[in-house]
Amino acid sequence: MTKTGALFLGLTAIVAALSGILAFAVTKFIAAARATAKAARQGGGETAFMAAAMEDALTRMRSQERAMKARAEASERLSGEIIASMTSGLLVVGQDGIVRILNRAGRRLLGLPEADWTRNYREVLSGAAPLADVIDECLTTVEPIVRRAVKMDREGSGASYLGITVSPVRDEAGHAHGAICLFSDLSTVIDLEEQLRLKDSLARVGELTAGIAHEFRNGLATIHGYSRLLDLERVPPDFRPYVQGIRDETDALGQIVTNFLNFAKPAELTLGPVDIGAIAERAAEEIRTEARSRGGDVTVRGSFGVVEGDEVLLRQAFSNLCRNALEACTSVRPHILVEGVREGNVSLRVSVSDNGPGLDPKVADRIFRPFFTTKAKGTGLGLALVQKIIVTHNGRIHAANSGSGGACLTVTLPLRST
C-alpha cells in the first residue's frame, strides 16, 4: 500500500470515528430533548392537577363556610324566636351587673316599655327590688336559687307574686361570669291557694261555732222574751230605761248572732246563669234614692256579663258592697261608681268605688276578717260575708284606694262559658 493510500485510509477512519461520535452526540441530544419535553409535559400536568385540586378544595371550603354561616344565622334566629316566644321572663346579667338579655315577657311582667335595657340590673329593676335582691344573692354566692317566690308591691295594682329561679353562668373552665334568671307570675296560683285556705277556714269556723251560736241565740231569745213580759207602764219610771236597754241590746245581739250564723253555715248554692249587670243596677238602685237625697248619686257603667252562680247570694254580696260604700261617705256628698270590665271571655271584674276617706293601709288587709270593723256601730261581718260569697263562686275580692282617694273594692268572677 502506498503512503497516499495509507493516509487516505487513516483520514477515512478518522472521519468515520468523528461521524460516529457526532451521531452518538446527536442521538443523545435528541433523547435528552425528548426527555426534557416529556418531563416538561408531565410537570405541567401535575401543576394543573394541583391547581385544580386547590381550587376544588377552596370551593368546598367556601361552601362549608356558607353552610356554617347559614346554620349559625338559623341558630341565632331560632334562639331569638325562642326567647321572644317564652311566656316566662328571661333576664341575663353579666358579672359586671350589665343586663345582656331581657325578653318581651320579662318586660311585660315588670311593666317596662320596649326599649334598650342594656344597663345595670339594679337600675332596670328599680321597681322590682325583691327580684334584684335575688339576682344579687346569686351573683354574690355563685350558687343557684331554685323556685323562690317573692312578693312585690305595685302601686295602683295591688300585690303580685313572682316565682324566680336564678343560676350562675359559667364558662368551660367552670368560672362564673354572670347569672341567668327565669321568673313567672304566680299571682293566680297564690290567689287560688288563698281561696282554698279561706274555704277550709270558713268550713272549720262553721263547724266549730254554729252550735255555740245557736245556744247564744236561744239564751238571748229567753232574755228578750222576759224583758218583753215587763210592762213599761207598770215599771217604775226610774227603771224603764234599763228595761228598754235590755230589749235593745238583746235585739242587737240577736241580729249579730243571726248574721254570724249566716256567715258560718256552709253555703248551699243554687246555680244558674246570673246577669251581673242587672245585679249591679239593682244594688245601685237600692241606695240611689238615699245618695241623691244627700246631694250625691250612684252611677253604673262599663261592660258586664253572665256568670254561673247563685243569684240570691250574689245580689246580697253586691248590695252589701254598695251599702258599705254609701256608709263610708259620712262627711261628703256620696258619689258611688259601679264599673264592670270584661277580661276577654274568661272573667269579669266589677269595682265599687266611693269618694269617702279611703282605706287606712294599716287595716286594709284586715277588713275581710270576721268582726273587724272601722264603723262605730258595725258588726264586722258584712265584708266577711261578701268575701265568703265571692270565694264560694270561685272568685276573689280585693280592696284598695281609688285614684280619687276613696275606697275601691274589686270583685273578679269567672264568666259563664257559652
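The model is predicted. The protein has nine helices and 12 strands. Of its 418 residues, 31% are buried. Among contacts with a separation of 6 or more, 57% join residues 24 or more positions apart. There are 16 salt bridges in the structure.

**Nonpolar cores**

- The largest nonpolar core holds 40 residues.
- Within this core, Ile276, Leu314, Phe318, Leu321 and Leu409 touch the most other members.
- Leu321 has contacts well along the chain: beyond four places in sequence, Leu321 touches Val352, Leu383, Val386, Ile397, Leu409 and Val411.
- A second core is separate and has 27 residues, including Leu112, Trp117, Val134 and Phe183.

**Helix H8 against H9**

- H8 spans residues 311-328, and H9 spans residues 382-392.
- Their axes come within 9 Å and cross at roughly 145°.
- This crossing of H8 and H9 is left-handed.
- On the H8 side, the contact uses Leu313, Leu314, Gln316, Ala317, Asn320, Leu321 and Asn324.
- On the H9 side, the residues are Gly382, Leu383, Leu385, Val386, Ile389 and Ile390.
- By class, the H8 to H9 contact has nine nonpolar residues, four polar and no charged.

**Helix H7 against H8**

- The axes of H7 and H8 lie 9 Å apart, and the helices pack at an angle of about 35°.
- The crossing of H7 and H8 is right-handed.
- H7 brings Ile276, Ile279, Arg282, Ala283, Ala284, Glu286, Ile287, Glu290 and Ala291 to the contact.
- H8 meets them with Glu311, Leu314, Arg315, Phe318, Ser319, Cys322, Arg323 and Leu326.
- Which classes make up the contact of H7 with H8? The contact has 10 nonpolar, one polar and six charged residues.
- Leu314 of H8 takes part in the contact with H7, and Leu314 also belongs to the contact with H9.

**Salt bridges**

- Asp251 and Arg228 meet in a salt bridge, at 3.9 Å from N to O.
- Asp251 sits in helix H6 (residues 240-264) and Arg228 in helix H5 (residues 187-229), so this pair ties together parts 23 residues apart in sequence.
- Asp251 is partly exposed, at 37% relative accessible area, and Arg228 is partly exposed at 47%.
- Asp96 pairs with Arg100, with the closest N and O atoms 3.2 Å apart.
- Asp96 has a relative accessible area of 48% and is partly exposed. Arg100 is partly exposed, also with a value of 48%.
- Arg349 pairs with Glu343, with closest N and O atoms 2.2 Å apart.
- Arg349 is partly exposed at 31% relative accessible area, and Glu343 is partly exposed at 33%.
- Elsewhere, shared partners join Glu281, Glu285, Arg288, Arg292 and Asp297 into one network of salt bridges.

- Val306 lies in strand S8, which covers residues 306-309.
- Is Val306 buried, partly exposed or exposed? Val306 counts as partly exposed because its relative accessible area is 35%, and the buried class ends at under 20%.
- The C-alpha atoms of Val306 and Pro414 are separated by 9.0 Å, although the two residues are 108 apart along the chain.
- Leaving aside neighbours within four places in sequence, Val306 contacts Pro273, Val274, Asp275, Leu415 and Arg416.

Definitions and conventions. Residues numbered from 1 in each chain as written. Predicted model: local features only at pLDDT ≥ 70, side-chain atom pairs only at ≥ 80, totals over all residues. Heavy atoms only, no water. Salt bridge = Lys/Arg side-chain N within 4 Å of Asp/Glu carboxyl O. Buried < 20%, exposed > 50% of the residue type's maximum accessible area, 1.4 Å probe, protein only. Helix = DSSP H or I, 4+ residues; strand = E, 2+ residues; numbered from the N terminus. Axes fitted to C-alpha atoms, helices over the stretch in contact; angles between N-to-C directions. Left-handed = near helix turned anticlockwise from the far one by under 90°. Contact = heavy atoms within 4.5 Å. Nonpolar A, V, L, I, M, F, W, Y, C, P; charged D, E, K, R; others polar. Core = buried A, V, L, I, M, F, W, Y, C linked by side-chain atoms within 4.5 Å.
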